[in-house]
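Welcome! Here is a short tour of a structure that may be new to you. Take a look at it first, and then read on.

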Amino acid sequence: MEDVSLTYTGILRQGKERVVKVRFARNGDKDFAEGIIPGGKIEKSQGFSDKELASLRFYLKANEKDLMQKAKEITGFRAFLKN
């Protein structure tokens, strides 16, 4: 896959679970896939093939710890800014 950007949120609460929302985009956001970790589930997508979505799910699962750590840093920075 070429020219795919990745963005993610800080830690969010979804019920009792702590999650991070991840978005993959290309072609100026024309094609996108929205996933969630933990779990690596793709919740919504447009423009990506089934094979590409399988690759994105694999990426989420393989990089879950790293993405969660980066999301914690965002969450901590947001708390710092509120004070």
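How many aromatic pairs does a search of the whole structure find? The search finds 1 aromatic pair. This is a predicted model, in which local features need pLDDT of at least 70, side-chain atom pairs count only at pLDDT 80 or more, and totals for chains, interfaces and linings use all residues. Residues are numbered from 1 along each chain as its sequence is written, and side-chain values use heavy atoms, leaving out hydrogens and water.

**The aromatic pair**
- The ring centres of phenylalanine 24 and tyrosine 59 are 6.0 Å apart and their planes are at 80 degrees, so the pair is edge-to-face (centres within 6.5 Å make a pair of Phe, Tyr or six-membered Trp rings; planes under 30 degrees apart are stacked, over 60 edge-to-face, the rest tilted).
- Phenylalanine 24 is in strand β3 (residues 17-26) and tyrosine 59 in helix α1 (residues 50-62), so the pair ties together parts 35 residues apart in sequence; helices (H or I, at least four residues) and strands (E, at least two) are DSSP runs, numbered from the N terminus.
- Phenylalanine 24 is buried at 3% relative accessibility, while tyrosine 59 is partly exposed at 34% (buried is under 20% relative accessible area, exposed over 50%, partly exposed in between, with a 1.4 Å probe and protein chains only).

**Leucine 60**
- Leucine 60 also lies in helix α1 and is buried at 0% relative accessibility.
- Beyond its neighbours within four places in sequence, leucine 60 is in contact with residues including Val22, Phe24 and Leu67 (contact means heavy atoms within 4.5 Å).
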